[in-house]
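Please read them alongside the sequence and the coordinates.

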Amino acid sequence: MRRWLAAIVVVLALGLAQRAEVSGGSPFGVQGGLRFPLVPLLLDGRVYGGVGLEAMGGGVDLLLKLPLADLYLGLGGFYGTGPALTLPQDARGHAGLRAVLGTWLNLPLPLLGVYLELHPVYYLAPSRSFGIGGALGVSVGL
């Protein structure tokens with residue numbers, strides 16, 4: 001029954017998602033995710049999972065689009081099996097909260113977007129500390 005429920009959730013998520021994304025950078029190295037419109041033209045939700053050299057894990061973000069700009073801001077959380085990919089190296093953790101400061105790069109490609117993000121991070125486990133990371137990604141969809 002669990003497998004059927006998981007399959008139904010994945011199929012529904014793919015049907016409701018606005019964009020599919022792949023990015024490289026924090027928190028886990030290479031991430032793949034889906035972006036959902038929560039409030040049209042204003043608020044998106046994103047779920048992602050990733051794998052890297054030291055950790056694998058996933059997270060969620062709420063992203064607020066700034067009107068008439070290619071910028072967006074967000075808050076999210078993540079959890080992984082090992083230390084996340086951020087600086088400084090000695091303050092890394094495997095679970096935490098992050099802010100997202102992102103921008104779309106203006107490329108004339110239909111249905112394809114490229115984005116750049118900066119992630120200030122507050123680690124909750126194994127110790128409380130601060131870090132900063134970033135990601136460059138490609139997004140496919142409407």
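1. In which strand is the place of leucine 62? Leucine 62 sits in strand 4, where helices (H or I, at least four residues) and strands (E, at least two) are DSSP runs numbered from the N terminus. Its relative accessibility is 46%, so leucine 62 counts as partly exposed; buried means under 20% relative accessible area, exposed over 50%, and partly exposed in between, with a 1.4 Å probe and protein chains only.

2. On the basis of the work: this is a predicted model, in which local features need pLDDT of at least 70 and side-chain atom pairs count only at pLDDT 80 or more, whereas totals for chains, interfaces and linings use all residues. Residues are numbered from 1 along each chain as its sequence is written, and side-chain values use heavy atoms, with hydrogens and water left out.

3. On confidence: pLDDT, the predictor's confidence in each residue from 0 to 100, averages 89 over the chain, and 89% of the residues score at least 70. Confidence is lowest in helix 1 (residues 2-16), with a mean of 65, and highest in strand 5, at 96.

4. On the overall layout: the chain has one helix and eight strands, and along the sequence these follow the pattern α-β-β-β-β-β-β-β-β. Of the 142 residues, 39% are buried, and residues 24 or more positions apart account for 43% of the contacts with a separation of 6 or more, a contact being heavy atoms within 4.5 Å.

5. On the nonpolar patch at the surface: Leu38, Val39, Leu42, Leu62, Leu64, Leu66, Leu71, Leu73, Leu87, Leu101, Leu118 and Ile132 form it, with about 950 Å² of accessible area together. Patches are made of residues with over 30% relative accessible area and no salt bridge, like charges being joined within 9 Å and nonpolar side chains (Val, Leu, Ile, Met, Phe, Trp, Tyr) within 5 Å, and accessible areas come from the Shrake-Rupley method with a 1.4 Å probe, only the protein chains shown counting as cover for residues. Strand 2 (29-39), strand 4 (56-65) and strand 5 (71-80) are the elements that give two or more residues to this patch.

6. On the salt bridges (a side-chain nitrogen of Lys or Arg within 4 Å of a carboxyl oxygen of Asp or Glu): the structure holds eight of them. Arginine 35 and glutamate 21 meet in one, at 2.7 Å from N to O; arginine 35 lies in strand 2 and glutamate 21 in strand 1 (residues 19-25), so the pair ties together parts that are 14 residues apart in sequence. Arginine 35 is buried at 2% relative accessibility, and glutamate 21 is buried at 4%.

7. On a further pair: arginine 46 forms a salt bridge with glutamate 117, the closest N and O atoms being 2.9 Å apart. Since arginine 46 lies in strand 3 and glutamate 117 in strand 7 (residues 112-125), this pair ties together parts that are 71 residues apart in sequence, and both residues are buried. Arg46 and Glu117 belong to a network of salt bridges that also links Glu21, Arg35, Asp44, Asp61, Lys65 and Arg98.

8. On strand 8 (residues 129-141): valine 140 has its place there, and at 47% relative accessibility valine 140 counts as partly exposed. Valine 140 and leucine 111 are 29 residues apart in sequence but 5.7 Å apart in space, C-alpha to C-alpha.
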